[in-house]
Amino acid sequence: AYAERLNGRFRDECLNEHWFVTMARARRVIEHWRIEYNAHRPHSRLSYLTPARYLAMLMTKRKKEEIVN
């Protein structure tokens with residue numbers, strides 16, 4: 001189900017929005033979308049945080065636990 005959701009988003013947000021004349025252009029646009037999707041946009045699975053912010057939150061929590069222990 002997760003892969004189907006990702007494929008649907010990829011088609012709706014990337015492939016249907018762009019006209020690719022060359023493979024090089026397609027690679028650039030798709031890579032930009034991938035980076036945006038994986039690093040900069042909030043994900044419901046991560047409590048609507050971006051992956052970078054979620055990682056920072058986990059690292060802060062881990063440091064606090066190390067101080068307590």
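Predicted model: local features only at pLDDT ≥ 70, side-chain atom pairs only at ≥ 80, totals over all residues.
Reader: Thanks. How are the rings of W33 and Y37 arranged?
Author: Let me start with the total: there are 2 aromatic pairs. In the pair W33 and Y37, the ring centres are 5.0 Å apart and the planes make an angle of 15°, so this pair is stacked.

Reader: Nice. Which residues form the aromatic cluster?
Author: One cluster is made up of F10, W33 and Y37.

Reader: And is W33 buried or exposed? What about Y37, buried or exposed?
Author: W33 is buried, with 13% relative accessibility. Y37 is buried too, at 8%. Both fall under the 20% cut-off for buried.

Reader: Let's switch to charges. How many salt bridges are there?
Author: The whole structure has 4 salt bridges.

Reader: What does E13 do with R41?
Author: Their side chains form a salt bridge, 2.6 Å from N to O. E13 belongs to helix α1 and R41 to the loop between α2 and α3 (51-68), so this pair ties together parts that are 28 residues apart in sequence.

Reader: Is R41 buried or exposed?
Author: R41 counts as buried, because its relative accessible area is 19% and the cut-off for buried is under 20%.

Reader: Back to α2, then. What is the partner of E31?
Author: E31 has a salt bridge with R34, and their closest N and O atoms are 2.6 Å apart. Both residues lie in helix α2, 3 residues apart, or about one turn. E31 is partly exposed at 34% relative accessibility, and R34 is partly exposed at 39%.

Reader: Which residues are joined into one network by shared partners?
Author: R9, E13 and R41 are, through salt bridges that share partners.

Reader: Last one: what does R25 contact beyond its neighbours in sequence?
Author: Setting aside neighbours within four places in sequence, R25 is in contact with H18 and F20. R25 lies in helix α2 and is partly exposed, at 37% relative accessibility.

Technical notes
Residues numbered from 1 in each chain as written. Heavy atoms only, no water. Phe/Tyr/Trp six-rings, centres within 6.5 Å; stacked < 30°, edge-to-face > 60°. Buried < 20%, exposed > 50% of the residue type's maximum accessible area, 1.4 Å probe, protein only. Helix = DSSP H or I, 4+ residues; strand = E, 2+ residues; numbered from the N terminus. Contact = heavy atoms within 4.5 Å.
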